[in-house]
Amino acid sequence: MKGVFDFTVDQLGPCKVPSPIMLSKVYGDFIANYVKEDDFIRYNVDVYDNVLETEAEAYNNNLIQKAGPREYIYFNPKHVNAAILTCGGLCPGLNDVIRAIVRCLWNRYGVRRIRGIRFGFQGLFAESGFDPIDLNPDIVDDIHKSGGSFLGTSRGGGNRVVEIVDAIEALNLNMVFIIGGDGTQRGALEIADEIGKRCLKIAVVGVPKTVDNDLVFIQKSFGFDTAVEQATQTVAAAHMEAHSQINGIGLIKLMGREAGFIASATALASHEANFCLIPEVPFHLDGDGGFLDSLEQRIQRRRHAVVIIAEGAGQELLKTSDAKDASGNKKLGDIGVFLRDKITEYFAAKKIPINLKYIDPSYQIRSARTTATDSIYCERLGNNAVHAAMAGKTKLVIGLVHNKYVHIPIRLVTSRRNTVDPEGSLWRDVIDATGQPILMLKNKDFFLAQSVTKKKDE
């Protein structure tokens, strides 16, 4: 994303406590080094419009602080009372992150008071009746071998900011790790702001969770690789069904409310999808050049087809309301069922026999155990979240940028959602992999003219 951004991270106070983690301050001694406060990476590495920045601009703009253990920390480990909670929908890797946080606090820093808040923010409300769980390495040692959330999760509750901070005070917490998506992190920021108003020294550190991979500034969110792995297996099954039938059609609906990253990556990974429909690229159903016409041409030519559609694609074709779920997300219409019925009606009217198989693996994917790659990622995210909190940093999430673990202010990662660029290299490669038309619209010239006009206005 172009622009100049302020990546300054909030700090509770000066770090004066020597870290119990014994590392090195020099290079070449075969001992891992502390991360210094002035260790940064540069966010913008692309050169736009063939204009090179000056040396001063290159080193002073868009600098992101590196994550990792500091030589001096803010909290005395003996005084730390930490809490962990997971919010929102399930996502592969939740248990891996919980485990990493507990083990790093306990084994690396010697923290002995770690509490698991049950069922997200709801577990902080007295009327819910869910008492916190005391955590230690023995309790969490094997939880990464299962999907779901060991602590339980729930949607909503993050808007009850005053009550949440009251509960945090009552539990005498001084460190809160919040694992959740953009809605959860917006709530975390409001909670941290309320903590600041009360002049409390409590670190709020987020680990961003979304299988949709739609958080800005962050290279990849945990659970994404696992989701793509699971989705690819589903596409393989759908392809086998379609290929084994006369005019077989496999239709798979994948996650992706506003961003088509899972659908796009799955199309690339499977090598077996012929159409990929995502929220960022509009399409028409009917008419010459529309999706159904393009699908018919594929069936006439190859006698089978596999279609991937993201859950947020084609919502303009459905009758939807402005209702929202407990997390504040707009309730979507079921584009998968809608498209299944429209495909069936279209080919029946044409008197072309088809054999359509519709698969929606969403909840199976969400609850899956992580792949090895995701498990490694979760371990490192959890460890770096602990290092940040122990150093008194707050109102931040741990993210991966240019393959470096960094501190990113919550206010930035929740400013907007990341989406697939229809004019970028990822979508270009998806078009190449599927062989689908670049645009499936009845009047491409009119649409393109409208799109150009809109971009000029913006």
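Predicted model: local features only at pLDDT ≥ 70, side-chain atom pairs only at ≥ 80, totals over all residues.
1. Among the residues of H6 that are buried are Phe224, Val228, Ala231, Val235 and Ala242.

2. You can check the length of H6 yourself. Helix H6 (residues 224-243) has 20 residues, and at 1.5 Å a residue these should span 28 Å; the C-alpha atoms at its ends are 28 Å apart, so the two values agree.

3. Next, look at the sheet. Four strands form an open sheet in the order S12-S13-S11-S14, and their pairing is parallel. Strands S12 (275-277) and S14 (355-359) are at the edges with a single partner strand each, so one side of each has no neighbour in the sheet. From one strand to the next, the twist averages 15 degrees.

4. S11 (residues 248-254) and S14 run parallel and are joined by five bridges. Glycine 250 has lysine 357 of S14 as its bridge partner. Helix H8 (residues 291-302) lies across S11, S12 and S13 (304-310), and runs at about 150 degrees to S13.

5. Now for the rings: the structure holds 12 aromatic pairs. Tyrosine 74 and phenylalanine 75 have ring centres 4.9 Å apart and planes at 85 degrees, so this pair is edge-to-face. Phenylalanine 75 counts as buried because its relative accessibility is 7%. Elsewhere, ring pairs link Phe5, Phe7, Tyr43 and Phe217 into a cluster.

6. Finally, find two charges over rings. Arginine 160 lies over the face of phenylalanine 125, 3.7 Å from the ring centre, and lysine 220 lies over the face of tyrosine 377, at 5.0 Å from the ring centre.

Methods. Residues numbered from 1 in each chain as written. Heavy atoms only, no water. Pairing = 2+ DSSP bridges. Helix = DSSP H or I, 4+ residues; strand = E, 2+ residues; numbered from the N terminus. Axes fitted to C-alpha atoms, helices over the stretch in contact; angles between N-to-C directions. Contact = heavy atoms within 4.5 Å. Expected span 1.5 Å × (residues − 1). Buried < 20%, exposed > 50% of the residue type's maximum accessible area, 1.4 Å probe, protein only. Phe/Tyr/Trp six-rings, centres within 6.5 Å; stacked < 30°, edge-to-face > 60°. Lys NZ or Arg CZ within 6 Å of the ring centre and 35° of its normal.
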